[in-house]
Amino acid sequence: MKLLAGLTILMIVFVVFGIHTQQQILGLASDMQEMVPNISREINNENWDAARNDTARLLEQWNEIQDRWDLFIVHSEIEQVELYIARILSYLSSEDKAAALAELAALNTQLSHIYRKEMFNVQNIF
Amino acid sequence: MLVIFVRTFILYSVVVLTMRLMGKRQIGQLEPFELVIAIMIAELATIPMEDRGIPLINGLVPIMTLLFIQVLISFLSLKSLWFRSIMDGSPSIVVRNGKIQEKELYNARFNLNELIEQLRTKGYANISDVEYAILETSGDLSVIPKSQKRAVTPGDLKIDTQYEGLPIPLVIDGLIQTKNLNMVNLDESWLKLELQKFGIDRPDDVLIASLDTQGKLYFQSRDHKK
């Protein structure tokens with residue numbers, strides 16, 4: 001009975017912790033996604049310095065949350081985000097508009113993918 | 001490499017702990033739902049063990065959840081007969097009063113060859129010697145022979161027997177089992193004195209020593225003294 005009570009508490013902790021981390025991941029993913037249209041606009045306007053600064057800020061934000069996400073999200077998906085940001089920064093340095101926009105779109109899709117995958121819904125369960 | 005080493009260590013410890021918490025029944029006889037859980041746990045542990053890309057928690061959460069399900073099912077099975085029959089099924093009497101129950105055999109999808117084979121392994125080559133054969137929920141076949149065919153017991157022969165309890169180990173691998181000594185109201189000095197009578201000065205030199213219910217000390221000294 002003690003074991004069952006202990007495990008029931010553990011299951012409640014899992015559920016509460018699961019809801020908390022899901023909310024956190026969803027919030028941070030959408031925060032990062034909100035920065036994407038701004039960077040996209042700056043690239044389109046060939047405002048390279050501002051685009052570079054905003055992408056650096058995106059990377060900074062990403063570095064802050066990455067360690068926490070490592071615990072819950074499949075590592076390859078996290079590495080993919082890191083790779084996209086590095087490519088964007090590189091294309092911005094060489095002022096390659098088309099490539100930078102393409103990588104930014106890919107980053108946006110990857111963040112949406114993480115967001116959709118972490119959501120608790122019927123599609124994800126099945 | 002170091003990461004996989006540590007991950008293996010953690011997952012192994014968790015699986016062993018889980019199996020221990022599932023109870024002793026796990027090791028010897030698995031009910032259908034326990035077998036499913038044991039297989040799933042083994043599989044769940046190996047995936048994050050070898051794939052560093054999968055967070056460890058992705059392996060630990062389902063293992064702990066399965067443990068919870070198993071403990072919950074065991075608890076509900078303990079409390080409710082109906083639930084137990086749903087989860088474990090019920091035993092099938094395949095031989096009743098010496099007669100094979102065809103319908104029960106058919107329902108259990110247990111063929112005659114299997115029945116005869118199992119009876120043989122239990123020591124009953126002739127089916128006419130069997131009064132009852134019960135196919136247990138764990139898949140074991142329990143056999144109750146006809147009274148004329150079972151082994152003779154002292155009770156049948158009206159022979160008085162002495163009480164035979166469990167011999168208590170007093171020294172295991174050179175280590176005195178103080179708890180067991182206290183249980184039989186004896187102490188280390190008594191043990192040392194008894195061993196000295198057989199020329200053993202130190203309990204360290206004893207491989208095993210036990211005391212039976214008649215008060216007889218059995219011991220075996222080590223081949224290579226420390």
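**Notebook: chains A and B**

I began in strand β8(B), where Phe219(B) is the bridge partner of Ala209(B). The model is predicted, so I took local features only at pLDDT of at least 70 and side-chain atom pairs only at pLDDT 80 or more, while totals for chains, interfaces and linings use all residues. Residues are numbered from 1 along each chain as its sequence is written, chains are lettered from A in the order in which they are written, and side-chain values use heavy atoms, without hydrogens and water.

**Sheet in chain B**

I looked up the strands around that pair. Strand β7 (residues 206-211) of chain B is joined to β8(B) by five bridges, and the two run antiparallel. Strands here are DSSP runs of E with at least two residues, helices are runs of H or I with at least four, and both are numbered from the N terminus. Two strands pair if DSSP finds at least two bridges between them. The sheet is open, with four strands of chain B in the order β6-β5-β7-β8 and antiparallel pairing. I then checked the edges. β6 (175-176) and β8 (217-221) of chain B each have a single partner strand, so one side of each lacks a neighbour in the sheet. Strands of a sheet pair through backbone hydrogen bonds.

**Interface of A and B**

I counted contacts next (heavy atoms within 4.5 Å). 14 residues of chain A touch 15 residues of chain B. The buried area is about 1,200 Å², and carbon and sulfur atoms give 83% of that. Buried area is the accessible area (1.4 Å probe) that the two parts lose on being put together, summed over both. I found zero salt bridges between chain A and chain B (a side-chain nitrogen of Lys or Arg within 4 Å of a carboxyl oxygen of Asp or Glu). Helix α1 (residues 2-44) of chain A gives the largest share of the chain A side, seven residues. That side divides into eleven nonpolar, two polar and one charged residue. Ala, Val, Leu, Ile, Met, Phe, Trp, Tyr, Cys and Pro count as nonpolar, Asp, Glu, Lys and Arg as charged, and the others, Gly among them, as polar.

**Positive phi**

I noted Glu46(A), not a glycine, with a positive phi of about 55°. Glu46(A) lies in the loop between α1 and α2 (48-69) of chain A. Glu46(A) is partly exposed at 47% relative accessible area. Arg109(B) also has a positive phi, near 50°. Arg109(B) sits in the loop between α6 (102-107) and α7 (112-121) of chain B. Arg109(B) counts as exposed at 72%. Buried is under 20%, exposed over 50%, partly exposed in between (1.4 Å probe, protein chains only).
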